[in-house]
Each structure stands twice: as C-alpha cells, then as structure tokens.
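Thanks for coming. I'll take a few minutes on one structure, and please keep it on your screens while I talk.

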Amino acid sequence: MLAYLIRRIFYAVPILIGVNLLTFALFFVVNTPDDMARMQLGIKRVTPEAIEKWKQQRGYDKPLLLNSTAGGAGKITDTIFWQKSASMFVLDFGYSDDGRSISREIQTRMMPSLAIALPTFMIGLVVYVSFALLMTLFRTTALDMAGVALCVLLMSVSGLFYIIGGQFVVSKLWHLAPISGYAGGADSFKFVALPIVIGVAGGIGSSSRWYRTIFLEEIGKDYVRTARAKGLSELAVLFRHVLKNAMIPILTGVVVVIPLLFMGSLLTESFFGIPGLGSYTIDAINAQDFSVVRAMVFLGSLLYIAGLILTDISYTVVDPRVRLS
Amino acid sequence: MPVILWSDALVFLLLAAGGIGAWYVRRHEHLLLPWRRVARSATALVSLLVLSLFLAVGLLDTLHYRAALPGQQSGEAVYSPEVLSVFDKLIEPLRTHTEKTYSAPLAVALYAKESVADTRGNVLREYPRLRYGGAHLADVSQRDGDVAKRALFGALAGLMAGLLIALASVWRLLPSPASGRGAGGEGSQSKYLSPESSLRSTSLSPTLSRLRERGLPLFSMLVATLVIAALIGAVANLATVYHVLGTDKVGQDVLYLSLKSIRTGLIIGTVTTLVTLPLALLLGIAAGYFRGWIDDVIQYIYTVLSSIPSVLLIAAAVLMMQVAIETHPHWFDTAASRADLRLVFLCLVLGMTSWTGLCRLLRGETLKLREMEYIQAAQSFGVSSLRILVRHIVPNVMHIILIALVMDFSALVLAEAVLSYVGVGVDPSMISFGTMINAARLEMGREPMVWWALAAAFGFMLVLVLAANLFADAVRDAFDPRLNRTEGAA
C-alpha cells in the first residue's frame, strides 16, 4: 500500500511537469511578456520605456529559458521559466499584480471557500443518493417516471438561474438571508446557508439521475435476487446490498472532487461575495492578473491528481477485494 | 456583398458533413435501424421538431452579408461596415424598432418616468409613450383588447399554416406509399388529419396505418406542430407592433436578442465538438490500436490536459487569446469578424478541454475491439493497419462519437452562459444568452425589477437545452448496444 502510494506520487510528477510546461507555453510563449504589458498598459500610446518598467516590476525582464549573460547556475535560474514556472513546484507562487503574496492569499481564502464547498458537497451527496434510491425503490412506476422527468428538467436549467432565482426569492422577497457577504465565526452561518442550499439544488438533476442509473444497473444482478429470496424487505435490499455494491462507481465520481473543494466555486462565490479562492480567481481573470491565474491552474491540477490518488485509496476502504500493489 | 465569417464556414462544413452522413445512413438499412428506434419515441420527435426550428433560425442567421450603401453614383459599390444576416432582414422591424430604454413586455410606455413638456409648456413627470411599441393605438386603454385580438388572429393563422404543413407532408407521402421512404420525422404528423383530407382518404388510410404500424407517434407530432405553429403565429403577429418580450437598457427588443442568441448557442454546442472530433478520434483509436509507446504518449497528453480543472484552463487560454486579439487589431476588417473569430477561438478552447473524455472512451473501446476475431482475421490476411482502422475500427466506434456529440451539446450551451458571466466567454458585442444574462443581472436591484430580459434568456435556453437533452437521451437509448435487447434480429 505504502509502496503503491509512493509510486503514484512519483507518477504524478511528469504530469505536473506537463501542466507546468503547458502554462509556461500559454503565458509566455504564445504571448510574450511584451504583449501582456502592451495589453495592460493600453494598446495605443504605449512607450517602450513603460513596457520595460512594467516587465521589470514583475520580474518579466529576463530571458525565457536560458540567460547567457549570467554566470554559473544563473544561466538557468535567472530566467522567467525558473523563477515563474519551476518555482511553483515548491508552492512558491510569487506575487500578484497588486503586490501581495499569492501563497498567503491562498491560505487565508481557503477557509471561506471550504465553508461553502464542503457542506454543499456533503449535504448534496446525501440528498442526491437518497433521491436516487427513492426513484430506484419506485422504479417502473409513475413516481419514478416523474422523478426522472423532474431530473431532466432540472438539469436543463442554467446554473446561473438557480443562483439568480434563489437570491431573488429568498433574499429579496422573503428577506431570509443576506443577498451577499461573508463574516467569520458564528455569524458565517447566515451567509453560507443560502449558497449551500442553492448549490445542492443546482446539482439534483444530473447527479440524482446518474446515481439512479448506477443503482438500476446493480439491481438486476444475482445477489439482489438472492437477497430478496432470503425474504429481505425491499428497503433492506436497497440500503444494505445495492448501496454498498454501488459504492465503487459512486466513489469514482465523488472522491476525486474532494481536494478541489478548496478551490471553491467561481460562480457561487462571486455572486454571493464570498472572499474565497473562487472569487479570487474570477477577480484575477477580470483584472487580467496572469500570475494568479497561472498559480490557480497549477494548484487545481495538483489537487486533481491528489483526488485521483485518494479515489484509489477509497476503493480499498469500501471493497476488500481491491488491493493496491 | 455576401460575407463568410469563420464560424459560417465551419457551420457550412458541418452541414455538408451532416448531409453526407445522412445520405450514407439512408442507403444502409443496418445504420438506419437505430434511427427508426429514435423515430418511435414521441419525446424524441417532438424535441427534434423544436431543435430543427432553432436550427432553422440559426442557419438563416448564418447567411451573412454587408449591405451596399445607397447614393454611390460611381461604379464602385461601397458596403456598409455592418455585417447583417438574412435572418436580420427577415425580422427587420424587430432589429430597427429600438426604444429609448427599458419597457415591459407588450408595454406601450417606457418603464421609467421622464419629464415631458405638454402643449402648454408645463413639465410633467410621466411614463412617455414608446416610439414603436403600440404606437398605432390612439388610446393606451385599447391595448389589452388589441393584444388579445392580434394574438388570437396570429394563433389562428399559425394553426392554419400548421395544418397545411401537416397536410402537405401527408401529400408528399402519398405517391410512394409502398416504399415507406420519405416517412421521416416531419412527414408523419398526419394521423388525425383524415377528416380534413377525406377526398383522398381511400388512399390515405393505408399509408397512415402503415406509419402507425411502424410505431411513429403521429398524434404527438400533430399536436406539437399545431401548438408551435399557433405560438409562432401569435408572437409574429404581435411582434410587428409590440415588443413581445419588452426592451432592454438601450431599447433593443429582447425577442430580437433572444432569437439572435440562438445562433451563438448552436455554434458553441456543435462547432466545438466538430473541431476537436478529428483529434479525439485519431488519437483515441491510435492509442487503443497500436498501444506501446504511442499509447503512453497519447495518454500522457490527455492526462495532462484533463488534470487541469476545465474552467481554469479555459480562463487561461481565453485570457491569452484576448491578449493576442488586442495586440493585433489589424487582423480584422469588421467588428463582426473580430467577435466571430473570438467565438471560433472559444469553441477551440472549449474543445481543447472536452476532447479528452471522448478520447479516453474511444481508446477503451478500441482496446476491446482490437481483440475481436474479425480484426485478428484482417490482421492475419495482411490488411494494413490504416485500412483496419478505417474499415473496421471507425465504423464500430461511431455510436460512441454520436452519443458524445449529442450529450455534449446541451452542456456546452449551458457552459457558454457561465463562461460569459465569468468574463471568458464570447465577445461582449456578440449577442448570446450569456451576454444577455450578464447585462440583465445588473438590473436585479432595480425597484420594480426588470425581469423580462433574464426570463427571456433563461426561457429560450431552457427550451433549447431541454429539447437537446430529451433528444440526446433518445439517441443514446437507441444507439447504446448495451440497451438494445428487443431488436437484435435485424
């Protein structure tokens, strides 16, 4: 198990190098730092001096890959690639355009993101699985049909609609929750409640339908018939046998997103004014702060790969037949 | 002067490919079989009808031209810098009837009070009448009656047209009742028409009963056609003198904006998959068939791409594209071509993130297929790898591609709105559901609320995506070999 884990982490390195090279190519080769400077300073009437100054402030005034003027190790280290891209491997993300340390921002903004994303994820999972189990229980009846129809309808509605509609009804008409904002500590509940409810509601359609398909696939198998033949009630069959055996496909889709919960949700956080990583990213996109976007891309893939490894581990927990070696 | 934008060219390419595909499928009964299964589902056919209406609007909106400016004596014609489409011309009143600012659906007055000087010079605060909406009414109080009358007449006219269409499709079926050809989707809404067409009912009823035998949901199709036709008739009749869905901040008709958004949504939904399909197909089956280092390299590429959360990858790529567009203004001759190129780029970027899933599926399926006896037989006969791939592998993974294509469509339409909100979507000057929602969202705080632009964008999107989802489900059910239990015989 430990050997397997070490090997998996070892495998992740080339993928992270690939991500790093890709972002490097995207941000520094496709468009040179000169282009970015010109874009940020305004296209017209931009002087070469202003561009130089912009680049110098951000440390972009170095050669891309090889610094022939520097001596010794500086040939490699005193370059944009080394200082801006390779440094991300030790989680050194540098500074954003307003001069703040990105790593620090990530640390402080992780908690608000998590305060929304984690409850949404947990409550959502319970709600979706129960709804799917209910539909499975009433399969081939009109109730199941109605449930599926409802799911298709819900998943055809834009995610933006849930947020805008929810804000309008709950906050503006009923005055149950503040429209947006965030506070730490005990006050945070009234701010995070609405985003969580909306986040859960928005996923019902597609997720419940997906779980229903998984359960229906399981319910045709032999062990289910055996369980029924033993005289177990349908509920016991569903919860004790079908749910357990459906764990593997469920975990495949679920565990991988757990580390990504840190990143928060772009939409929810920006609509509700939550100072998390999602709104940080969206602000960076709107302000065209390239270094923040670059850091987020790298962090995102790092967490995704962590999620994949977690998924493998979770298999061994629910299915004793799975041995990692 | 006709203008072919990049996205137009891609749409025409897609149409040609679709046409060739349809022609090929029609000539091969075994390929036609799953489609017959699709045609038996009422929801699939009705949603196909809705989708083809959207498609018609989108296609008309794709035929672009630049109008010649009048008043040029010399031989050289001067063209307006504004790129219009045939659809713009068709619904010209909607495009040109712009008011000053917001007005509610079917309103005759603006939504905000303004200072108006009356004939004696007194300044009053009141809701000024609209320039176009209900301008033919002498008195505001006549509006309700007028709206009801126009809607009714329009609906009746639409109903008649719908009946005619249904009748015409029955007529088209009649000459060759035996062959059963030409009895596709739209040619089948005729079951309950027999009273109207009693003249030819003797020859009609055998056709109908044959259609019914094949399980075509004739009644649902008829009802759907009539309802849609009546709706279109009513809206069209109202739209000439009212703003059916109100106007937005700068006074543009919301119905016009919604209809124009359809093309953007369709292009995002279809072109995205089209541009990346060759890549996914090529790499997917190559990785699955050749295995070894080719497989390793291809797997590495798509693992790297798919390990980046898609929104972030899209954001990064679109940001870079913005830089490229901003710093090279000389690439574009009109604003439309600039917005259009950005749309095509967006499709490419979206495709870049979505091809990996399809590639993985194709690789897995090819891995399975290459162990089949017929592939091994071909190999032992010395058939070249390329030939095996083209003759044996590709036709057998086609159903995966088709299912992925229809399933991705609705997700992409929804993604466009979100991306435009995030700021990495289509060009702000391009009309799309995302830009509509984005603009209307800012009016949430107004008291009383301006709701119609949001409602229109969400409503149109819901209808489009719902139809696409229902159709996609039917296609998947018909093509998924795991679900095909009833008709293995043919």
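First, the ground rules. This is a predicted model, where local features need pLDDT of at least 70 and side-chain atom pairs count only at pLDDT 80 or more, while totals for chains, interfaces and linings use all residues. Residues are numbered from 1 along each chain as its sequence is written, chains are lettered from A and ligands numbered from 1 in the order in which they are written, and side-chain values use heavy atoms, with hydrogens and water left out.

Strands, then. Helices (H or I, at least four residues) and strands (E, at least two) are DSSP runs, numbered from the N terminus. Two strands pair if DSSP finds at least two bridges between them. In chain B, three strands make an open antiparallel sheet in the order β1-β2-β3. β1 (2-3) and β3 (79-85) of chain B are at the edges with a single partner strand each, so one side of each has no neighbour in the sheet. Four bridges link β2 (residues 64-68) of chain B with β3(B), and Arg66(B) is opposite Val83(B).

There is also a hairpin. Strands β4 (residues 114-117) and β5 (residues 123-126) of chain B run antiparallel, joined by four bridges. Glu114(B) has Glu126(B) as its bridge partner. Five residues lie between the strands, and Gly121(B) takes a positive phi near 90°.

Now the rings. How many aromatic pairs are there over all chains? The search finds seven. Rings of Phe, Tyr and Trp (its six-membered ring) pair if their centres lie within 6.5 Å; planes under 30 degrees apart count as stacked, over 60 as edge-to-face and the rest as tilted. Phe24(A) and Phe28(A) have ring centres 5.6 Å apart and planes at 45°, so they are a tilted pair. They are four residues apart in helix α1 (residues 2-29) of chain A, about one helical turn.

Are these two buried or exposed? Both Phe24(A) and Phe28(A) are buried; buried means under 20% relative accessible area, exposed over 50%, partly exposed in between (1.4 Å probe, protein chains only).

Last, the core. A nonpolar core is a set of buried Ala, Val, Leu, Ile, Met, Phe, Trp, Tyr and Cys residues joined through side-chain atoms within 4.5 Å. The largest one has 199 residues, and Tyr211(A) is one of those with the most contacts inside it.
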